[in-house]
Amino acid sequence: MEEDITERKLYATFERHDEFLSLQHTLLAVDLAVDPAIEEDRIEDRVFHRLCGILGEYQEQSYLLDPYLEDLVIPVADSLRTHAKARTSKTIGTSSSSRVGRLADLLYHFIKFPRFFPHEVADLSIALDFIQLPGGPAQKAPEWPLRYVVLLWLSIICRIPFDLEQFDERDHLGHTADTIESVAKSYLGKAGLEREGAAVLLARLYTRKDTRQRFTVFLQWSAEILRSSDIFTSIAVLQVLCDYFNLGSSEEAEEAMSSCLEISALIEQSKILSSNTLVRKYRTKLLSRIALRLVPAQVKNSRIKVRSLAGDNTDAPDPTEEEDIYVPEEVETILEDLFKCLQDKDTVVRWSAAKGIARLAERLPTDFSNQVLETILGLFSIHTIAGATVYDMPAIAEATWHGACLASAEMARRGLVLRGSLADLLDWLSKALYFDIRKGAHSIGSSVRDAAAYVFWALARAQDSSALSGHATKLAQSLAAVSLYDREIHIRRAASAAFQEHVGRMGLFPHGIDVLRKTDFYAVSIRRNAFVVAAPQVAEHIEYRTSLLDHVLSVTLRHWDVVMRQLGAQSLSEICKLDLPTLGSLCIPRLARLLQSFDVVDMHGGLLALTELAEVYRRLDSQESREKQLEIFGHLALIPQDVILAPRNDIVHSGACYLIASTITPQVIELGDTSPVPYWRHIVDAGLRHRNSSVQESAATAMAYMSTHADCSQTAQRYVTEVLLSPDAVRAIFDSLDTGMDDYTMDERGDVGSWIRMACIQGLTSVIESLFAVAGDLPRFADYLPPARYHSAIARILRQGVERLDNVRQLSGECFLRLLGLPLPAVENRESWRIQGESVMKDLFLSENLDADTNWGVGDWLFPKAVAMLEVEAYRRPVLTGIILSVGTRTGSTQRPASASLAEYAKKLPLAPSGNEYSLLGLTSDLLDLVKSQLTSNAIVVPVLQTFNLLLEADALEGLHTAQDGASQLEALITVSSKNISRLKNVQRIQEAMKIIVNLMAFPSVAKSCVPRLVDFLAHPFPKVRASTAEYLYLVLQSKDMGWEVDEADDILLETEWSSMDIDGAKAEAVRLIDMFSSELDASS
């Protein structure tokens, strides 16, 4: 699916600074020691979310906040410090979890700026005591942002230039450092962000001069942890080591190097640890940082080329000017490990290794860095076989090529690719741009193509333009082709970005600005636009035309995705229109070679492209174009007949039929069996009989084009006669279409069964129209279309006409009106086929000044009329079922008018029937019959229960209990609603049943039956059901006069924590409530 393109607002300044400060001041003005009231908590929560929303708007332009950060962060950090100081000094004894949590969440949004946290000497004891405070907010499980923030705060305080022993008593020297270390270690085993905060804190602690000796013990402890294969703690240990080598000095790193290399070896030997992605990632990062400490940065000229406004480039540094740099042997060992990590199965590991290798190569002598680049280029050839293409590689090659591309990009970005290696690199990258390996029903390689585009982008930023000048045209053609024709949107955009970078920095690409305008970010974002609009525009430039055609012919038309082949064929025809005599003649022989392939995909791509070209020639309608059509038609003979008609070659069969449709001419028809493709008629005949609908459609299209050149009526009549010979065949078709209207299949796309229902509605309508039209010529017409089956179909079409989907209703309405306007069949007893209630239907839908054809999909127009169809007894049950499903839908434009119309209609119904008219008793009886027949189907039961609740809440059933059978129907409704409530899993059904029981308490005749059943809901295993029952019961007691006092019941309902208490406690309160109701009922009776 193509991505939606939305433009975000771009800001020039922090426009909402004053609003943000005002909201933040409101949030900081509250008392952190006092829990807020419910309304206060809601207001503060809204303020906090508004603050987060404002920060979110600047997420992509965070640099605009830099001038204001100090003013924003310091007040929040000071507020937390003040509260922490008050808690640790016991000035206050409580904390509001919600308010302190919001404060910590806000600091978490500023977490990249911990330098603004308070870090005075006195803050050490405050922060340390606060995070350890028994029962304090930091000890509560949900408050991970608070713990993370305090740990980072401690890591900043740890940088104070005073010996930590100054904070200790004489008898407990080292206590402060021990406490910090133990607190940090206690969070290393956590899975959340506290682990990262603790890792930073320990790294800061071990880089201090007065606590440096503790790191040796930590390394021993780390080795024990790794041997135990504790994943979470092992990850944290590696994070500490990575941060230590990032923060510590070179001397400290050299001392710890051997121990850390042993730790790396332990990870490699452990199957459990080496199978974890994060462990491998941090191991890679650790190795990189060890090597960087072994080869310190040198002050030397940058190898990055900067293009000046005048167009010249800075001089390249002279390698002879580089000082001799000692490279320890360990660096080579580490590089070997990093090269292995470049081939890791996970992207994050390869990415970390690529950055580590490039950073290290930047510090190495030029000769050494060139060797590194050569090794990276050697990775491309590991899975490459001489003479094979990238499509023939094993799936495992994806990781290797992706790692090599990432490393090449990082090397190029730092200007480490010299001229001598540039040709080889570009050669491999040109292959990586097309890396796409079929794997089952999909392909792999998009990451390789994306990384290759990243390399080209990096080369534009750091490479000398003179070095690229010889490769510019080929490079421009490759990037343009990928930006237009790649399957994935992010790769088209990446290639477009690389093209843009080269145009802006190098100025070497032919027609660069013009091509860039046609292939910019938005132009390539929609695949169809890129193929059919942008590609022909780029092909207007001769330099790109041939390369684009080559790409379509060799890659796109042979792609595994059928949509890519279809769009590629369309793109090819659009490009050929630029110079049809030349390009058409050039492409047709190459496409013909695709038809000779053994691969079905190649055949299909060739057929599609030839079909598109034939369409172009057909529109020209000249002698030369007709000759080209005949030439293209003749190429169909390159595919053997048995291959086209093979059972599983549906796409080839379909493509062949479309090709016939586009190339058929009177000359071909006249030639008959002597035509270049003598079996073309057999292909079309077999297509019409094919079980695949797409093949049938293509064959029908071929027949349609044939009919423009010759009389096909006899052929068409032959197919109709074969199907309609017997009444049994007609009834089988009719029954199949009728059954299709029961298809309510759902998947992630929604109600996909509606497609089947709509097709069946159209099919039934067409069959009925056809049969009525020829009824006089058919003996025993009733055998073909029995009246009972006819009226059943009408009823089911009407049901679809009042259901929940607008498009289904609209189509059903249009088809029904077509049937309503049909003349009766010219047979005996023709009245048997007259639509029941015809006069009512015509008054409703065919009256004057009524645009019925366009309004069935509009609920406000339809449902006031739809309920009137319930007067027609023959169609009543299906129509009522459809209306009920509309009442139960979540679509407001359907649910509201359906509910209002049915409630209004029910209020006007007489209580009991007099004659054949519909009554309230009849309506409730039909609803009960429907729910009893479908008790196991929530799709039916839930809407029926919703309908009963609708009628009860609208007081439409108010007098039902006074009727002769009314009380028994209400009792039946209670039984159906409360049956097996404790075993039901559908919460919506349980809640609708609960509402019925609560609403029926207002009916004196059944109140005593309802009250005991409340226990099932108030003590239900689902907390949500208990809470919603108490809430709804309270609302009903407040809105309806029950005839007894409800004050005490109100107190129980409001004060009981229904959702949080256990089932036994809820049941005790429910029984107490039921006893109270029963006593009131006994007293009132």
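Mentor: A disulfide is a pair of cysteine sulfur atoms within 2.5 Å. The model is predicted, so local features need pLDDT of at least 70 and side-chain atom pairs count only at pLDDT 80 or more, while totals for chains, interfaces and linings use all residues. Residues are numbered from 1 along each chain as its sequence is written, and side-chain values use heavy atoms, with hydrogens and water left out.

Trainee: How many disulfides does the count come to?
Mentor: Take Cys 815 as an example: the closest cysteine sulfur is in Cys 760 and lies 11 Å away, which is too far for a bond. Over the whole model, the number of disulfides counted by the rule is zero.

Trainee: Is Cys 815 buried or exposed?
Mentor: The relative accessible area decides: buried means under 20%, exposed over 50%, and partly exposed in between, with a 1.4 Å probe and protein chains only. Cys 815 has a relative accessible area of 1%. Cys 815 is therefore buried.

Trainee: What share of the 1085 residues in the protein is buried?
Mentor: Cys 657, with a relative accessible area of 0%, is one of the buried residues. Of the 1085 residues in the protein, the buried ones make up 52%.

Trainee: How many helices does the secondary structure of the protein come to?
Mentor: Helices (H or I, at least four residues) and strands (E, at least two) are DSSP runs, numbered from the N terminus. The protein has two strands, and its helices number 53.

Trainee: What box do the C-alpha atoms of the protein fill?
Mentor: The box is taken along the principal axes. Its dimensions are roughly 110 × 100 × 55 Å.

Trainee: What share of the contacts in the protein with a separation of 6 or more is between residues 24 or more positions apart?
Mentor: Contact means heavy atoms within 4.5 Å. Of the contacts with a separation of 6 or more, residues 24 or more positions apart account for 72%.

Trainee: How are α2 and α4 oriented to each other?
Mentor: Axes are lines fitted to C-alpha atoms, for helices over the stretch in contact, and angles run from 0 to 180 degrees between N-to-C directions. Helix α2 (residues 38-57) and helix α4 (residues 97-109) have axes 11 Å apart and pack at an angle of about 0°. Angles under 35 degrees count as roughly parallel, over 145 as roughly antiparallel, 65 to 115 as roughly perpendicular and the rest as oblique. By that rule α2 and α4 are therefore roughly parallel.

Trainee: How many residues of the contact of α2 with α4 are charged?
Mentor: In α2 the residues that meet α4 include Phe 48 and Leu 51, and on the α4 side they include Ser 98 and Leu 106. Five residues of the contact are nonpolar, two are polar and the charged ones number seven. The classes are these: Ala, Val, Leu, Ile, Met, Phe, Trp, Tyr, Cys and Pro count as nonpolar, the others, Gly among them, as polar, and Asp, Glu, Lys and Arg as charged.

Trainee: How many residues apart are Arg 99 and Glu 40?
Mentor: The two also belong to a network of salt bridges, with Asp 41, Glu 44, Asp 45 and Arg 102. Arg 99 is in helix α4 and Glu 40 in helix α2, so the pair links distant parts of the chain. The separation is 59 residues.

Trainee: How many salt bridges does the count come to?
Mentor: Another one joins Asp 751 and Arg 757 at 2.9 Å. Asp 751 is buried at 11% relative accessibility, and Arg 757 is buried at 2%. The count of salt bridges comes to 53.

Trainee: Which residues does Ser 222 touch, not counting residues up to four places away in sequence?
Mentor: Ser 222 is in helix α9 (residues 214-228). Its relative accessible area is 0%, so Ser 222 is buried. Beyond four places in sequence, Ser 222 touches Val 237 and Ile 263.

Technical notes. A salt bridge is a side-chain nitrogen of Lys or Arg within 4 Å of a carboxyl oxygen of Asp or Glu.
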